[in-house]
Amino acid sequence: MNYFKGLIWCLNCGKSYNFKNDHNLHIYICSGTKNYGNEFCPRRVVKEEDLLYLVENHCRIYNLKFDLNKIRTRELVEKITVDVNEEVKIYYIDGKFSLWNSTNIIY
Ligand SMILES: [Zn+2]
């Protein structure tokens with residue numbers, strides 16, 4: 001858990017996302033929302049399992065080995081952004097990316 005520590009950024013307020021274990025649901029929440037409230041930045045939450053699913057899917061498509069440790073050591077994912085429309089973009093080290101709008105994987 002907390003594989004994506006320090007990798008997730010909010011494009012709305014510019015702050016990082018922090019990990020939270022909420023009754024065994026592993027989520028990331030914008031630290032702007034957490035520290036300054038919904039008026040500072042509307043509450044956005046990203047589930048760790050959804051991010052892992054996206055990375056695993058990416059690895060399957062491109063024939064890469066899905067290795068959790070490589071996420072932790074930053075050998076696979078460069079950064080992740082969440083925008084105002086709740087679109088999540090995962091930037092990989094090799095220059096490829098995944099885009100997801102919490103319903104569909106766009107690419
Ligand atoms: Zn924010």
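Guide: Start with a rule. Two strands pair if DSSP finds at least two bridges between them. The model here is predicted.

Visitor: Why are E2 and E3 called paired strands?

Guide: Strand E2 (residues 17-22) and strand E3 (residues 25-30) share 6 bridges. At least two are needed, therefore E2 and E3 pair. They run antiparallel. Lys20 faces Ile27 in E3 across this pairing.

Visitor: What lies between E2 and E3 in the hairpin?

Guide: 2 residues separate the strands. His23 sits in the turn, with a positive phi of about 50 degrees.

Visitor: Which strands form the open sheet, and in what order?

Guide: There are 4 strands, in the order E1-E5-E6-E7, with mixed pairing. Strand E1 (8-10) and strand E7 (97-100) are the edge strands, as each pairs on one side only. On average, neighbouring strands of this sheet are turned by 15 degrees against each other, direction ignored.

Visitor: How do you know how confident the predictor is?

Guide: Look at pLDDT, which runs from 0 to 100. The protein has a mean of 92, and 97% of its residues reach 70 or more.

Visitor: Where is confidence lowest, and where is it highest?

Guide: Strand E4 (residues 45-47) is lowest, at a mean of 91. E1 is highest, at 97.

How values were computed:
Residues are numbered from 1 along each chain as its sequence is written. This is a predicted model: local features need pLDDT of at least 70, side-chain atom pairs count only at pLDDT 80 or more; totals for chains, interfaces and linings use all residues. Axes are lines fitted to C-alpha atoms, for helices over the stretch in contact, and angles run from 0 to 180 degrees between N-to-C directions.
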